[in-house]
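The tour goes stop by stop: select, look, move on.

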Amino acid sequence: MTNETYDPKSIESKWQKEWEKSGIYQVKEDPKRPKYYLLEMLPYPSGRLHMGHVRNYSIGDLVTRYKRMNGFNVLHPIGWDAFGMPAENAAIKNKSHPAKWTYSNIDYMRLQFKKLGISYDWSREVATCDPEYYKWEQLVFLRMFEKGIIIRKEAMLNWCDTCKTVLANEQAEGGKCWRCDNEVALKPLTQWFVRLPLYAEELLKDIDTLEGWPERVRNMQRAWIGKSVGASIKFNVKDSDKQVEVFTTRPDTLFGATFMSLAAEHPLVEALAKGTGQEKKIKEFKEKTSKIGRLDRIAGNFEKEGVWTGAYCINPATGLDMPIYTANFVLMDYGTGAVMAVPAHDSRDFDFAKKYNLPIKQVISPRSGDIDKSKAYEDDGILIDSGKFTGLESENARNQIILDLSLQGVGKATVNYKLKDWCISRQRYWGAPIPIIYCEKCGTVGVPEKDLPVELPKDVQLTGEGGSPLAKVEKFVNCKCPKCGGKARRETDTMDTFVESSWYFLRYCSPKYDKGPVDPAAAKYWMPIDQYIGGIEHAVGHLLYSRFYMKILRDLNLLKFSETNEPVKNLLTQGMVTLGGAAMSKSRGNIVDPDKIIEKYGADTARLFILFASPPEKDLEWSDAGIEGSWRFLNRVWRICQAGKSIEQSPDLERWTHKTIKRVTSEIERFHFNTAISAIMEFVNFLYANEASVTKDAVNILVQLISPFAPHMAEELWKGLGHKESVINSSWPKFDPAKTADEMMMIVVQVNGKLRDKLEVDPNTGEEEIKKLAQAAEKAAPFIEGKQVKKIIYVPKKLVNIVVG
RNA sequence: GCGAGGGUGGCGGAAUGGCAGACGCGUUGGACUUAGGAUCCAAUGAAGCGAUUCGUAGGGGUUCAACUCCCCUCCCUCGCACCA
């Protein structure tokens, strides 16, 4: 049939051309077939694929091919997360244009994908920097702006002085910029925000429906949303008409609130201190507090301190005066930036009270009744010393006290979320322009939808200095107000690239659609994504924004494919590819270049190894020795397929074949690709041991089983076996359960739970007979002799355990 | 501190209450060979000549039977981290 020696280089390029020519991986909607939408996370066109990509796409391609052979109409598209700072930084460095850098990277990486033989429908390729793409997110921006879901406001934001832009919290983890690794500062800035918290409750509730997601990711999203139920309470400031509002989850401890702590940036701090003689101290304290770096704050590397503002407020429950402090551990951006301090029942307040000699009043008693006064008692319990609420359980007391406060008009039940507004504006060039015009007369005006897209001007000089590059492009900035026709200027900020990646998977459903972001009918057919594959690093950012975006599109009447519009049904978070136990990175110098591996062994070997070495969720340590093993195995497959000359079907071979189909199928179904491969390896080992009896049928099945892992080789072998159609168009082999049954049963004989012997018996042997045989078994008998048999356990078709005493 | 996931040969890893270590790497021996870093065959958890004994981080428990279920302790990884 085919060549004697396996030559991946010629085979792989031959079939890649063939696939491209026939367009075999292009799909369209087909209501007669079940659909399956498989997606790997959108790559950033950084220049070259790395091993992490190879893993991500090898997993996806394997599942794609498997599902397709099982009769599914599989959508498997790819595109590019093409906006972003690296392109801009490269352009500054090379005095070139970000588009040039981006598109040449895309060209190279597209080639790499093709060399890997991934089964993409390239006719659906999308680059997010294409105006035909970002036009639609500008439209959605405008609709959200009209509905008040997008607003412009001032807030304390992470600012990277190197990139000259604001950063979202998850882009500034550990206080460092995710792109350039520089220290990030907090600055008050006016920016564009998406009001995510409006959807906090729905986003939280629907996490429960995401049964195909790893629990870890679901918990991360729950924590990120950070719902807490409690009360907001207003405290009157003594001798003043001012009020301080707090949020608390423990209104049951209100009678124990003995002082008040405000964040240093709280707007009332200075006003309260005015005229009390504390002004100077407060000013110094605010300055000192503002110098605590983000890193130190996260690590808790600062002393907990506070200063009295000079003012008091009144506890609405006790009527007692509470000194108002400002404290450096109170956060301005959570709750109201003010905390009612209950030192007896909160350890931070306890430490603070000890330090500044403030009263500590016990109001909750543990159910056991013992009170340890050396520390705060933070659990629920029975209320004591709490007026008419004394004796109530904490939970009940919370409701009663909230009710009481609301009758007085000074409090109400409140739900608070950690989830914050999403800042989406960036002071960079290489992003989707925000479609807003500022008019001297009309104010902030949206660009009319007929004028979309607001295209990025092409002729810009990027220097990396002095803020937003677009602000310097006169032709872009100066415009007419769409309302009054008067002089106006354009918004010069661009959108966070997470906006593009929040909906790109919709665009794949109808990439050329020109009446909206997506053809609702196409989305109805393809969505949701049946299997999404990507790194854990996107557990909260991208995956939360995408969920949000689908809900927004639903509420804007642009798209509805289900009640919840949840975009991802099943999520697989694959582990990293490491070398020397660490993630591969240029700075560490531990890169394995996919091109070199493909050059040496071919794509099939690279893919097989990466799938075989570790289960997909686990990190994978790269090993050159390991890849040799995969290479050897594929060569063995190649050679054994030259056999297959036997006419007679031996019962052993038939049984092995059906057992292997069964194992490989169920292992792929549960995403244990490494054990699926071992099952094929065992089959191949069997074929080698029985080379003379290998039939053409067995070889056919072997080729089909290996085709999702090593598609090029499989295609070549399949053709050599005389098939005209591509192997991916063949049906995944079925096994016959009757043919997986062994001729003889192997029964393990245990005495007192210890393995003593094994029996080969006919499958029709009865239980009593087997028990008898077990007791008589040569190696078991000595352990039974002279002892009393108390019990015999029989596990059908598996084992006999003889309990003796 | 809180939450989640882990800890199995020299290594990557199998085994979801029933033969611990499948499969692969490595190692050793053999075959074929002018040669082989190709290929094929075999052995390979530890101790012991052996029959056997011990062995899944450590300790306890449930069970005829535990890597697997329960309790305690230790260690590792990840996420959150003054969230009031």
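Colour chain A by its domain assignment. Domain 1 takes 33–128 + 196–223 + 501–574, and domain 2 takes 137–195 + 421–497. Domain 3 is 228–416, domain 4 is 591–603 + 624–739, and domain 5 is 743–804. Bear in mind that this is a predicted model. Now place centres on domain 3 and domain 4, using C-alpha atoms: they are 68 Å apart.

**Stop 1: strand 24**

Select residues 529–535, which form strand 24. Seven of its seven residues are buried, so expect the strand to be mostly covered. Which strands pair with strand 24? Strand 1 (residues 35–40) runs parallel to strand 24 and is joined to it by three bridges. Show Leu39 and Tyr532: they stand opposite each other. Strand 25 (residues 568–574) also runs parallel to strand 24, with six bridges between them. Here, pick Gln531 and its bridge partner in strand 25, Asn570.

**Stop 2: helix 17**

Select 541–555. Helix 17 has 15 residues. From first C-alpha to last, helix 17 reaches 21 Å, close to the 21 Å expected at 1.5 Å a residue.

**Stop 3: Ser614**

Go to the loop between helix 19 (603–612) and strand 28 (620–621), where Ser614 is found. Ser614 has a relative accessible area of 7%; because that is under 20%, Ser614 counts as buried. What surrounds Ser614? Beyond its neighbours within four places in sequence, Ser614 is in contact with Arg55, Asp619, Leu620 and Asn674. Draw a distance to Asp619: its backbone oxygen lies 3.4 Å from a polar atom of the Ser614 side chain.

**Stop 4**

Finish in residues 743–804, domain 5. Show the open sheet of four strands, with order 30-29-32-31 and mixed pairing. Its edge strands are strand 30 (754–761) and strand 31 (789–795), and each pairs on one side only. Look along the sheet: neighbouring strands are turned by 20° against each other on average, direction ignored.

Last, zoom in on strand 29 (residues 745–751) and strand 30: they run antiparallel, joined by seven bridges. Select Val751 to see it opposite Lys754 in strand 30.

Notes:
Residues are numbered from 1 along each chain as its sequence is written. Chains are lettered from A and ligands numbered from 1 in the order in which they are written. This is a predicted model: local features need pLDDT of at least 70, side-chain atom pairs count only at pLDDT 80 or more; totals for chains, interfaces and linings use all residues. Side-chain values use heavy atoms; hydrogens and water are left out. Helices (H or I, at least four residues) and strands (E, at least two) are DSSP runs, numbered from the N terminus. The expected span of a helix is 1.5 Å times one less than its number of residues. Domain bounds come from an automatic or database domain assignment. Two strands pair if DSSP finds at least two bridges between them. Axes are lines fitted to C-alpha atoms, for helices over the stretch in contact, and angles run from 0 to 180 degrees between N-to-C directions. Buried means under 20% relative accessible area, exposed over 50%, partly exposed in between (1.4 Å probe, protein chains only). A polar contact is a pair of N or O atoms within 3.5 Å; within protein, one must be able to donate a hydrogen and the other to accept it, and residues adjacent in sequence count only if both atoms are side-chain atoms. Contact means heavy atoms within 4.5 Å.
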